[in-house]
Amino acid sequence: SGAAPEAGHPGDFNTVALVKEDGKIFCTGSLIGSNLIATAKHCLVDKELGDFKIYFGDDTNTPIKNLFREVSAFKVRYPVDWSMMFPSFDVAWVEFKGVLPQGFKPLPILSTPDFLPAGHEIHQVGFGNNSPKRGTIKAGVKLHGLTRLQSYINNPRFFHILVFKGDEGQGSCHG
C-alpha cells in the first residue's frame, strides 16, 4: 500500500488523473509540458474528445471543481489502429485547455537509460487500485510507492521496456 506523496515530491506536482464524465478515474498521467500529459495508449481505447477530462487534485472521489481541465486533443504513438499496445507501443499524449493549477509543473522525459541502472529505486505515483482485497477496486486517491528497476530492455522486438521488481500488488496500476 502506498502513501500520499509528500509536498515537493515530483509526483505531487506532476501526476494527474484521467477521469470519465461521471468523475470516475480510469488512468493516471504525467505532466510533461505546460499543456501536455503522457499516459498509456491502452487508456484511450474507444475514447473520443469529450469522453474524459484531466484532474489535478489528489482524490477523484472528492473532486474540486476548478482542478479539472478539458481535453483539446489526444494522439497515440506508433500504430494508430490500436492493433499493437503491449508491451512496446503503449504510449499516448493528451493535450488539455487552460493553465496549470498552482504548484503543478512538468518533468522532463528521461533522455537516456544510463540514469536508471538495474536495482535503482523507482518512485511511482498514481491513482490506481489500492484495495487490499483481491477482486475489489478502491481507486481515485493519489498514492506514492517505491519499487526497484529490475531491467531495461531495448532490442528489435521490445522497445524501451522498464521491468520493475516490487511487492505483489504494487505497481503503476495497483496503487
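Lys142 is buried, with a relative accessible area of 2%, where buried stands for under 20% relative accessible area, exposed for over 50% and partly exposed for the range in between (1.4 Å probe, protein chains only). This is a predicted model, in which local features need pLDDT of at least 70 and side-chain atom pairs count only at pLDDT 80 or more, while totals for chains, interfaces and linings use all residues. Residues are numbered from 1 along each chain as its sequence is written, and side-chain values use heavy atoms, with hydrogens and water left out.

Lys142 forms a salt bridge with Asp58, the term denoting a side-chain nitrogen of Lys or Arg within 4 Å of a carboxyl oxygen of Asp or Glu. Because Lys142 lies in the loop between β7 and β8 and Asp58 in the loop between β4 and β5, the pair ties together parts that are 84 residues apart in sequence. Asp58, at 44% relative accessibility, counts as partly exposed.

The structure holds 2 salt bridges, and the other one joins Lys53 to Glu70. This pair links distant parts of the chain, with Lys53 in strand β4 and Glu70 in strand β5 (residues 68-76), 17 residues apart. Lys53 is partly exposed at 23% relative accessibility, and Glu70 is likewise partly exposed at 40%.

| Salt bridge | Closest N and O atoms |
|---|---|
| Lys142 with Asp58 | 3.3 Å |
| Lys53 with Glu70 | 3.4 Å |

The secondary structure comes to 1 helix and 9 strands, helices (H or I, at least four residues) and strands (E, at least two) being DSSP runs numbered from the N terminus. Read along the sequence, the pattern is α-β-β-β-β-β-β-β-β-β. An open sheet of 3 strands has the order β7-β8-β9 with antiparallel pairing, two strands being paired if DSSP finds at least two bridges between them. Its edge strands, β7 (121-126) and β9 (161-165), each pair on one side only. Between β7 and β8 (residues 143-153) there are 6 bridges, and His123 has Leu146 in β8 as its bridge partner.

Buried residues make up 31% of the 175 residues in the protein. Of the contacts (heavy atoms within 4.5 Å) with a separation of 6 or more, 60% are between residues 24 or more positions apart.

The mean pLDDT, the predictor's confidence in each residue from 0 to 100, is 84 for the protein, and 87% of the residues score at least 70. Among the elements, β9 has the lowest mean pLDDT (77), whereas β4 (residues 52-55) has the highest (97).
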